[in-house]
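Please view the sequence and the structure first.

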Amino acid sequence: KDYWKVKDYFKSIDFNLVVDSILNNNTIGQVNVDDPDDPSFSYIWTYTDSILIGGKPCEEAKMLPEILNKKLIPEFKKYGLPGMLIYVDMNSSWKELIPEIFGKDRVFIQRRRYYKMNAIADYIDNRTNSKVEIIRIDRAIKNNKLRNHRLLNGWVQSFWEDLDNFSMKGTGYCALDGDTIASWCLTVYAFDNERELGLETVSDYRSKGLATAVAKETIKDCKEKGYNLRWHCRENNTPSIAIAEKLGFIRNKDYEIFCLKV
């Protein structure tokens, strides 16, 4: 109920919908402060691969490496990911402080793009690979005999409290090749009528048009629900950039984050 106390600390990075999504209890996350009654520093952990840091750089901030090493990174390593993403205001002293407190050998900068689609295209080509079936994600998750079911379910559970919450406030589609879930696209963050999309394709099924197909269906559903859409990706993620621009997303902003080797 006190999340509002730290909202202003993340203004510079609130184009990342995760901030509002967590602070408004639409996405699972953990909000930490130096002083619950009068906070001057806060960090948000997404329970997956990211932390967002806001407020004043202070002495308490220097405890972050210890907190991450003891609490967050052991949990984070269960996901098998190589690094943690750190979001800060890159126009503040945080940019110099993060490498200082974590160690310059552990931190590097990743460049990213932010795309936005306020007015979803009226026409989206429905043609796709006839050998696959495009179905709603909530339907696929109910069949735990499908291959890659655990991966898909992990995506949904990482962002949403439960499947009912996802079905009520989000949407998404996946591609089925026989009994294998090959690709999926879903809303990962939500606030008011804003939604951010996440996209994944299993390695054996890449470069087959499946990511575009599931993204199209998800976008169509979002349009019917009146959602405005956002899309984030790495500067060097050529396939994601190509799909976003092909489907009508407009490049809104380039930005930088830190990557922490774990």
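Two strands count as paired if DSSP finds at least two bridges between them. The model described here is predicted. In it, strand 8 and strand 9 form a hairpin with two residues between them, and Asp192 in that turn has a positive phi of about 50°.

**Strand 8 and its partners**

Strand 8 pairs with strand 9 (residues 194-201) in the antiparallel sense, over eight bridges. Within this pairing, Leu199 of strand 9 is the bridge partner of Cys185. Strand 8 is also joined to strand 7 (residues 172-177), again antiparallel, by six bridges. Here Cys174 stands opposite Trp184 of strand 8. Strand 7 and strand 8 make a hairpin with two residues between the strands, where Gly178 takes a positive phi near 65°.

How much of strand 8 is buried? Of its 12 residues, 11 are buried, so the strand is largely enclosed by the rest of the structure.

The whole structure holds nine aromatic pairs. In one of them, the ring centres of Trp155 and Trp184 are 6.3 Å apart and the ring planes stand at 80°; this angle is over 60 degrees, so the pair is edge-to-face. Trp155 belongs to helix 5 (residues 149-159) and Trp184 to strand 8 (residues 180-191), so the pair ties together parts 29 residues apart in sequence. Trp184 is buried, at a relative accessible area of 1%, while Trp155, at 21%, counts as partly exposed. Both residues are members of one aromatic cluster, along with Phe159 and Tyr189.

| Charged residue | Ring | Distance to ring centre |
|---|---|---|
| Lys7 | Phe191 | 6.0 Å |
| Arg195 | Tyr227 | 3.9 Å |

**Helix 7**

Buried residues of helix 7 include Leu210, Ala211, Val214 and Ala215. Thr218, Ile219 and Cys222 are also among the buried residues of this helix. In an α-helix, residues three or four places apart point the same way, because there are 3.6 residues a turn. Just after helix 7 comes Gly226, with a positive phi of about 80°.

Note on methods. Residues numbered from 1 in each chain as written. Predicted model: local features only at pLDDT ≥ 70, side-chain atom pairs only at ≥ 80, totals over all residues. Heavy atoms only, no water. Phe/Tyr/Trp six-rings, centres within 6.5 Å; stacked < 30°, edge-to-face > 60°. Helix = DSSP H or I, 4+ residues; strand = E, 2+ residues; numbered from the N terminus. Buried < 20%, exposed > 50% of the residue type's maximum accessible area, 1.4 Å probe, protein only. Lys NZ or Arg CZ within 6 Å of the ring centre and 35° of its normal.
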